Amino acid sequence: MKRIICNWKKILCGLLVVVLAIALLLGWGRTKTIPTEAEVQSSTTEEEGVFVPILMYHSILKDTSKSGKYTVTPTTIENDLLYLKEHGYTTIVMADLIHYVYDDVPLPKKPVMITLDDGYYNNYTYLFPLLQEHQMKAVISIVGSYSQKFSEIDEPNPAYAYLTWNDILEMSQSGLVEFQNHSYDMHHQGNGRKGTKRKWGESDEEYRKNFENDLQKTQDLLRQYTGSYPTTFTYPYGASSKGSIDLIKEMGFLASLSCYEHENIITKDPECLYFLNRYNRPSGISTEEFMKKAGIAEG
Ligand SMILES: [Zn+2]
């Protein structure tokens, strides 16, 4: 019995040696060649994507009695900017995301985007000097009719005014602020419509006409005053209708901003630039708490 077991062991060992020899001859592991640098780069960028947190602000006022969900103090936004700077983040604008997706221009190591909606004049009063001091960038989405009105009445009051075309030109020329489209006159609710959302019972054709006519006015005005068309549509209240994505694509927008609080993973697929998520910055929480919520790591 003992001899039989020994023989079986010998046979098994022999078989193993034969199998290994055949495997070596067939070039087992040939597929595990070392990838080139280009292969590594394309797999990490195209398959995994780049994490880009987008922060959303609105009004900035010193009077703390006005602080709330959409109004923060200049100190709060300055603390946020300093936190990002100290933690190695680089502020980018929509053009950077578009160049990354369409032209393969790399993004900085830790990208972050600061966005401000509605085009309050206080963005010029309190944020613009901070951007200049720290050489950081921001994206402001304006409501065309507000800027038109305040360009006509010219009352530069941080408490209630909106950016004039002159303010917009000056900020745009600094290279630190990029302007985007937040509708011309659809930043309100009522008459059955919320922002640019489709009205109940509105036909495809009616909706297309109302939506495109309104947005095109802000496109043309920003082109007139800054020299270039906005690339991005920022939905008022984040309210959007199914089908509006096709309309904004037809109008030539390459991206859109929503208000859904979630992270963004930017890949080389142009579709990832639509409905980008943003974290609203309310007052009442610390910079650390807000950055943590936005997935911005310490260290
Ligand atoms: Zn808004």
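Let's start with Asp118. Asp118 is buried, because its relative accessible area is 6% and the cut-off for buried is under 20%. Keep in mind that this is a predicted model. Asp118 is found in strand β6, which covers residues 111-118. Its backbone deserves a look too. Phi of Asp118 is near 90 degrees, a positive value in a residue other than glycine.

What coordinates the zinc ion? Asp118 does, through OD, together with His182 and His187, each through NE2. The distances run from 2.1 to 2.2 Å. Along the sequence, the donor spacing reads D-x63-H-x4-H. Now place two of those donors. Asp118 sits in strand β6, while His182 sits in the loop between β8 (177-181) and β9 (189-190). So this pair ties together parts that are 64 residues apart in sequence. Is His182 buried or exposed? His182 is buried, with a relative accessible area of 1%.

Ser183 is not a glycine, yet its phi is positive, at about 85 degrees. Its relative accessible area is 0%, so Ser183 counts as buried.

Next, salt bridges. Side chains of opposite charge can pair when their charged atoms come close. How many salt bridges are there here? The count comes to 11. Take Arg193 and Glu202 as one example. Their closest N and O atoms are 2.8 Å apart. Both Arg193 and Glu202 are buried.

Now look at Arg208. Arg208 has a relative accessibility of 27%, so it counts as partly exposed. One of its partners is Glu212, at 3.7 Å from N to O. Both of these residues lie in helix α8, which spans residues 204-226. They are 4 residues apart, about one turn of the helix. Arg208 also forms a salt bridge with Glu250, and here the closest N and O atoms are 2.5 Å apart. This pair links distant parts of the chain: Arg208 is in helix α8, Glu250 is in helix α9 (residues 244-250), and 42 residues separate them. Which residues end up in the network? Glu205, Arg208, Glu212 and Glu250 are joined into one, through salt bridges that share partners.

On to the aromatics. The whole structure holds 13 aromatic pairs. A pair of rings is described by the distance of the centres and the angle of the planes. Tyr146 is partly exposed, at 22% relative accessibility. Tyr162 is buried, with a relative accessible area of 15%.

There is also an aromatic cluster. Tyr207, Phe211, Phe233, Tyr235, Phe253 and Phe275 form it.

Last, charges over rings. Lys249 lies over the face of Tyr274, at 5.0 Å from the ring centre. Lys268 lies over the face of Tyr100, and there the distance to the ring centre is 3.8 Å.

To recap the metal site: Asp118, His182 and His187 coordinate the zinc ion, and both Asp118 and His182 are buried.

Technical notes:
Residues numbered from 1 in each chain as written. Predicted model: local features only at pLDDT ≥ 70, side-chain atom pairs only at ≥ 80, totals over all residues. Heavy atoms only, no water. Salt bridge = Lys/Arg side-chain N within 4 Å of Asp/Glu carboxyl O. Buried < 20%, exposed > 50% of the residue type's maximum accessible area, 1.4 Å probe, protein only. Helix = DSSP H or I, 4+ residues; strand = E, 2+ residues; numbered from the N terminus. Phe/Tyr/Trp six-rings, centres within 6.5 Å; stacked < 30°, edge-to-face > 60°. Lys NZ or Arg CZ within 6 Å of the ring centre and 35° of its normal. Donors = N, O, S within 2.8 Å, 3.2 Å for Na, K, Ca; no water.
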